[in-house]
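Biologist: Let us go through this chain together. I will ask what stands behind each label.

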Amino acid sequence: MKKLLKTLPLLALLIVVTSCSSIKVAADYDKDASFSEYKTFAFFKTGIDKAEVSDLDKRRILRAIESELLAKGYVKSENPDILVSLFTKSQQRVDVYNNAWGMGGWGWGGFGPGWGWGGFGPGWGMGWNQPNVSTSVQGHLYIDLIDANKKELVWQGMGTGYLSRKMDKKEERIKEFVTEIMTKYPPEVIQ
């Protein structure tokens, strides 16, 4: 029993940490592509210009992608093997938690403080609760890798998660998105 009590805080922390990993990633790729032959990259300006995100965030995303590819041993080149493009979209999510009304809730008695079915002052009673409304922005980032010679998409990674509203956390969150997506590249091609 004592051992269980000692591990409960650790277990609770583990659950909280894993639930905070809020970026879902997926990837798709051309099974006929020779990923081991790709050594150099460049950014596909035409595709990047179409991305519906601020120029500041585009630069943040591109720096994060470049950092990930360089860490994987790729070299930025004027004559690349692969072109990097991206696509973004976001949607606002509104969650309404309607607590409605009912018997048996803690609060002021009846319809307001001091009178009603629940008696005078705080205690159990009947009443209405205001709905709680929360909004969040869910972002989708697609990273496309295009074979520069064939002009064909060979790999696409996608990340979905909630975006930070705090400006000082934005760059960190973008890096987290890109890092999570790029863990799927290069794909483990099963022969």
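What follows is a short exchange on terms and values.

Modeller: This is a predicted model, where local features need pLDDT of at least 70, side-chain atom pairs count only at pLDDT 80 or more, and totals for chains, interfaces and linings use all residues. Residues are numbered from 1 along each chain as its sequence is written, and side-chain values use heavy atoms, with hydrogens and water left out.

Biologist: What makes up the secondary structure of the chain?

Modeller: There are 4 helices and 8 strands. Helices (H or I, at least four residues) and strands (E, at least two) are DSSP runs, numbered from the N terminus.

Biologist: What share of the chain is called buried?

Modeller: Buried means under 20% relative accessible area, with a 1.4 Å probe and protein chains only. Of the 191 residues, 32% are buried.

Biologist: Why is a set of residues called a nonpolar core?

Modeller: Because its members are buried Ala, Val, Leu, Ile, Met, Phe, Trp, Tyr and Cys residues joined through side-chain atoms within 4.5 Å. The largest such core has 27 residues; Ile143, Val178 and Tyr185 touch the most other members. H3, E4, E7, strand E8 (152-162) and H4 each supply at least two of its residues.

Biologist: Which residues does Tyr185 touch, leaving out those up to four places away in sequence?

Modeller: Contact means heavy atoms within 4.5 Å. By that rule Tyr185 touches Phe35, Tyr38, Lys72, Tyr74, Ile82, Leu145 and Trp155.

Conventions. Buried means under 20% relative accessible area, exposed over 50%, partly exposed in between (1.4 Å probe, protein chains only).
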